[in-house]
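The following exercises are to be worked through with the sequence and the model in view. Each task is followed by a solution in steps.

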Amino acid sequence: MNDKIKNPILRGFHPDPSIVRVEDDYYIATSTFEWWPGVRLHHSKDLKNWELIEYPLNRMSQLDLRGVGASQGIWAPCLTYDQGTFYLVYTIVKAFYCNMYDTENYLVTADNIHGPWSEPVPLNNFGFDPSLFHDEDGRKYMVSMVTDHRVPKKYAGRLLLQEFDPEKKQMTGPVRDIYQADKIFLEGPHIFKRKDWYYLFAADTGTGEAHGQSILRAKSVWGPYEMFRADFMQRESDDEAYSILTSRHHEELLLQKSGHCDLVETKEGEWYAVHLCARACEDRNPKDAKRFPGSRRYMIGRETAIQKMRWREDDWLVLEDGTNVPKEEVEAPENPGESASCHKLVRDDFDADALDLDYQSLRIPMDEHYLSLRERPGWLRMYGRSGLSSRFSQTLIARRMTQYHMTASACMEFEPDVFKQMAGLIFLYDTDNYLYLHVSRDEEIGKCITLLRAENKKYEYLTDYLPIGENQAVYLSLEISGNYAQFYYGYSEQRMERIGPSVNAGFLSDEACDEGWFTGAMIGICCQDLTGFGKYADFDYFEVKEK
């Protein structure tokens with residue numbers, strides 16, 4: 001009997017998965033938004049065990065996210081492979097919380113998945129979620145959704161198609177709508193071909209708990225496309241799509257928000273769909289919240305899951321069991337390859353020459369201007385730069401929250417001169433929402449430690465400025481239990497004391513933040529120096545682990 005694959009396969013903030021198989025290897029690309037480097041890539045031999053590999057967008061010449069807002073930046077990458085070349089198309093969203101979106105679409109290519117990847121090639125910018133389709137005759141097409149700034153919009157949802165010339169590396173020919181709807185909104189489209197049919201595979205019905213996945217087909221790549229409709233697709237209004245996968249009518253399911261799929265076929269002819277999903281915490285938005293009143297909160301963000309699929313006799317695709325409800329466990333492939341090594345970073349003693357791939361920074365790379373692993377071997381030196389609200393030059397690295405029960409800790413040496421110099425342990429969603437346990441200096445108290453809460457630009461210190469020892473390392477830790485966070489500090493790992501109350505951290509979630517709502521909570525270390533002198537903090541280790 002086959003092994004089971006347990007969902008989610010990529011835990012923590014890993015939305016919008018795109019999957020490709022090359023011989024015996026599977027690769028998944030996921031969105032990274034304002035976090036740098038751009039586009040998260042994972043590799044597997046068996047669809048069950050996944051290892052993080054190099055980021056394709058890892059040079060400033062490829063990706064400069066300075067100034068982009070929360071949950072903007074890299075959206076919905078699509079990874080494909082054709083004739084010895086990997087293709088990656090993606091959107092850089094530079095203006096979103098407005099009427100007229102700026103959605104710049106690009107392509108990078110590589111002969112090897114590990115890079116180097118090319119400089120970006122600009123594509124059309126009609127909307128986000130671009131996907132490249134390689135037809136059997138060698139022609140290539142890009143499909144994407146269309147944003148509409150008009151009031152009212154002409155259509156609720158539109159998808160368009162245009163041909164791409166791989167020799168000239170530019171879009172060519174007419175731009176045509178292949179889907180228009182007054183009520184059913186589609187995005188995240190992919191096109192693939194099977195037998196004589198072109199299939200349009202698209203996310204539907206928003207990105208929240210109503211999210212789902214639809215499939216349409218046509219005899220021509222240009223359409224017209226017919227949506228698959230079946231009795232097992234429960235609908236309560238005409239605004240809902242006919243979804244082959246959704247959680248929208250099943251609040252009891254672990255895997256909520258299921259949708260935004262991509263497909264892969266194994267060597268043995270088995271079909272699987274990867275899709276985004278999310279696991280709710282116990283907390284909810286207030287009933288009078290200006291966005292998503294009363295809705296459940298999803299601190300971990302949107303993750304990646306996998307489902308086994310099958311083709312019906314009428315050539316429509318469905319989940320293997322014939323329902324449209326995502327499963328927590330699915331059958332693994334018949335003849336899986338050898339499992340990937342799947343290195344998972346837990347405790348980092350900063351003994352390597354470079355940061356582990358699991359770390360990401362905000363909008364820019366952490367070069368020698370921001371941090372160093374050489375200045376003090378075995379320690380990470382972080383030079384204080386801009387404040388935590390900066391969208392340009394923060395000194396901060398972070399790892400994903402992956403479960404609702406976790407711990408994090410760090411050992412830090414930091415001797416600030418003034419109150420404008422800070423460093424410590426941070427639990428954050430974006431630049432406006434975080435819990436920050438940090439060391440600083442007060443004119444009266446001297447070197448001190450405190451806990452700061454920032455919620456949608458409202459700032460509150462949850463403790464007094466507590467004096468701590470001069471010229472001593474301080475240990476900082478965080479315990480996450482469900483949606484509650486408790487911080488600790490001390491002078492050794494074995495003797496830590498609580499600081500501040502147990503805080504309801506549910507506001508670090510997609511639903512609770514006023515601006516960004518597409519990423520997930522992160523746990524990090526950081527340093528600020530608002531004087532401009534670049535005061536540094538040294539970290540001996542940083543540990544993040546599941547309980």
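A nonpolar core is a set of buried Ala, Val, Leu, Ile, Met, Phe, Trp, Tyr and Cys residues joined through side-chain atoms within 4.5 Å. The model examined here is predicted.

**Exercise 1.** Determine which residues of the largest nonpolar core touch the most other members.

*Solution.* The largest nonpolar core has 117 residues, and those that touch the most other members are I191, F427, F487, I523 and I525. Strand 31, residues 421-430, gives the most to this core, namely seven residues. Next, take I191: leaving aside residues up to four places away in sequence, its contacts include F133, V143, L161 and Y225. Finally, a second, separate core comprises 23 residues, among them I53 and L79.

**Exercise 2.** Describe how strand 13 and strand 14 are arranged.

*Solution.* Strand 13 (residues 157-165) pairs with strand 14 (residues 170-181) in the antiparallel sense, over eight bridges. D165 stands opposite Q170 of strand 14. The two strands form a hairpin with four residues between them, and K169 in the turn has a positive phi of about 55 degrees.

**Exercise 3.** Is F350 buried or exposed, and which of these words applies to K457?

*Solution.* F350 lies in the loop between strand 25 and strand 26, and its phi is positive, near 55 degrees. Buried means under 20% relative accessible area, and exposed over 50%. F350 has 2% relative accessibility and therefore counts as buried. K457, in the loop between strand 33 and strand 34, also has a positive phi, of about 70 degrees. At 58% relative accessibility, K457 counts as exposed.

Note on methods:
Residues numbered from 1 in each chain as written. Predicted model: local features only at pLDDT ≥ 70, side-chain atom pairs only at ≥ 80, totals over all residues. Heavy atoms only, no water. Buried < 20%, exposed > 50% of the residue type's maximum accessible area, 1.4 Å probe, protein only. Contact = heavy atoms within 4.5 Å. Pairing = 2+ DSSP bridges.
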